[in-house]
Amino acid sequence: MDFKQIWQQQKEYFRTGGTKDIAFRKEQLKKLAEVIESNESRLYDAVQKDLGKSEFEAYATELSFVKNEIKYFLKNLSVLARPQEVSTNIVNQIASSKIYYEPYGNTLIISPWNYPYQLSFVPAITALAAGNTVILKPSEVAAHTAELMEELINKSFPSELFHVVQGGVQETTALLDLRFDKIFFTGSPAVGRIVYQSAARHLTPVTLELGGKSPAIVTESANLGVAARRIVWGKFLNAGQSCIAPDYVYVHEDVKDNFLKHLKNYIEKYKYESGADHYSRIINLKNFNRVKSLINPEKVWYGGNSDESELFIEPTVMLIDNWDEKVMQEEIFGPVLPILTFRNLDDVFEIIKDYEKPLSAYLFTMDTKEKERFTKEISFGGGCINDTVMHISNPNLPFGGVGNSGIGSYHGRYGFLAFSHQKAVMDKTTWGEPNLKYPPYTDSKKKWTRRIM
Ligand code: NAD
C-alpha cells in the first residue's frame, strides 16, 4: 500500500474519534510494550548489524527509554489527558474555564539513524498517548533497524492508526507534501530547515530535534578525574554518534596537563578497541570518511588510527588553538575530541555565544558562582553540571534544543504537550451577567468597566 493511501486512511480514522478514548490509547501502548518485549533479541541483533551497538548500550540508551516512556504514560495518561480547570477572571463571571488536551490528529515522525529505536519509538509512543495517528519514517541509513521496525509495527498495528514507511530523501519529500497536523523531526539542522519549510506550506506545527556542537567546559576548580571519566564516556558512547555528546572541550590552561592525563587513562581503561563489543562502529563509509577527514594528524595528541574494513575509528584527541581547524567547522558526530584551552571563563562564554546555540552544554566545576553563570549566561537546549549526556534520562526534564539546535521539546509531560493542542473553553451561565459590555456605553458603565478590567 502506498503511503498516500495510509495517510488517507489515517485521516478518515482520526475523524471517527477512535483515538480519543484513553483506554484505547493505553491498549496501544501495552501492545507496543509486548511487541518490544517479545522481539527484544531481534531488536538487539538489528542494531548490532547497523551500528555494532552492544546489547548493553542498546538496552541502556534505547530500549530502556522506550519502556520507561510507555510506563510513564500508562501511569500518568489519565491525569494528563483530563481537562484542566483554571480560574476565571472577574470580567467573565459567572463561568468556568477549562483547558482541553486535544490530539492534533495525523502526525508524521521522521527519525535519524544513531539511536533508531529511542528516537523513533519515544515520539511515536507520545503521539499515540496524546491520541494521534502516526506515520513513522525511520532513517534509511540504519536499514536493519528500519526494516525490523516496519515489520513489527505494520503487522501489529492497524495501518489507519500507526504505520511505518521506508524511504530516503525522495520518499520523505513526497511525505512532506501531504498535509499533516503535526510533524516531529529528529535529525540535522540542515534537513530540519527543509522540514520546517515544508510544514510552513500547510501551517503544520513542528517539533524539531536537531544537533550542533555541544561544548564541555572544565574549569580550574573541577574534579579532573570525574570530568575526564564522564567526558570520555559521553563522547565515545555509540562511537561519538550522539546528538548530545560533548563535541569539544575547553579546559583551563592551568589544569590542562592533569586533565589530559586523566583523559588518556580513562580512554585506555575502557578499551574502545576495534572489535570490542562495547564500542560501536561508524554507521557507514560516507560518515567514516567524513569523520576521518576532520582529523588533522598534526594536531592529534592521542589515537588517530582507523580501519575502513571495520568502519572503526579509534578514540582520537586533538589539541587545537582555535576554530579555524576543520574539526570545528561542523558537528563532529564521531569519536574525535578537540581540546582547546582558556584563561578566563568570560572568553569561553563569549565564543559559545558567537556560534549557534548548542543542543547541550556541560560544565565541570566545584565553584557555585561558575555554576550560576553557566546556567544564566549562555543559551543551550539542556545540559549537565559535572556530568555529560545524562540529563536526557531524567523524564521530568524537557528534552530539546533552542535556536539552531531545535524547536520544542519532549519526554513525559513535555511530549504530551508537544503532541496536543491546548484548547481553551469557557462555559458561561445564562444568568448573573452584569449588563456592562452591551451598548449604550453610559458614563456609569465606563466607570465600572475601568474599575473591573
Ligand atoms: P539527517 O538530517 O540526515 O536525517 C534525518 C532524517 O531526515 C532521516 O530519516 C532522513 O531520511 C531524512 N532526510 C534526510 N535528508 C532529507 C531531505 N533532504 N528531505 C527530507 N528528509 C530528509 O540526520 P541523521 O544523519 O540521520 O542524524 C544526524 C543528525 O541528527 C545530527 O545533526 C544529530 O545531532 C541530529 N540528532 C539530533 C537528535 C536530537 O534529539 N536532537 C538526536 C539524534 C540526532
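Start by selecting glycine 17, the residue that follows helix α1: its phi is positive, near 85°. The model is predicted, so local features need pLDDT of at least 70 and side-chain atom pairs count only at pLDDT 80 or more, while totals for chains, interfaces and linings use all residues. Numbering runs from 1 along each chain as its sequence is written, and side-chain values use heavy atoms, with hydrogens and water left out.

**Helix α1**

Now select residues 3-16, which make up α1. Helices here are DSSP runs of H or I with at least four residues, strands are runs of E with at least two, and both are numbered from the N terminus. α1 has 14 residues and reaches 20 Å from its first C-alpha to its last, close to the 20 Å expected at 1.5 Å a residue; the expected span is 1.5 Å times one less than the number of residues.

At the start of the helix, show aspartate 2: one of its side-chain oxygens comes to within 2.9 Å of the backbone nitrogen of lysine 4.

Next, colour Phe3, Ile6, Trp7, Gln10, Tyr13 and Phe14, which are buried (buried is under 20% relative accessible area, exposed over 50%, partly exposed in between; 1.4 Å probe, protein chains only). Looking down the axis of α1, the buried residues fall within an arc of 130°, so they line one face of the helix. The arc is taken from the directions from the helix axis to the C-beta atoms. Lys4, Arg15 and Thr16, on the other side, are exposed.

To see what covers the buried residues of α1, display among others α2 (22-38), β2 (95-103) and α7 (169-177), with contact meaning heavy atoms within 4.5 Å.

**Aromatic pairs**

Rings of Phe, Tyr and Trp (its six-membered ring) pair if their centres lie within 6.5 Å; planes under 30 degrees apart are stacked, over 60 edge-to-face and the rest tilted. The count comes to 18 aromatic pairs. Select tyrosine 117 and phenylalanine 121, a stacked pair with 6.4 Å centre to centre and 10° between the planes. Both lie in helix α5 (residues 116-129), four residues apart, about one turn of the helix. Go on to tyrosine 270 and tyrosine 272, an edge-to-face pair at 6.3 Å and 80°. Tyrosine 270 is partly exposed at 25% relative accessibility, whereas tyrosine 272 is buried at 10%.

**Charges over rings**

Last, select lysine 182, which lies over the face of phenylalanine 419 at 5.8 Å from the ring centre. A charge sits over a ring if NZ of Lys or CZ of Arg is within 6 Å of the ring centre and within 35 degrees of the ring normal.

Key. Polar contact = N/O pair within 3.5 Å; in protein donor to acceptor, adjacent residues only side chain to side chain.
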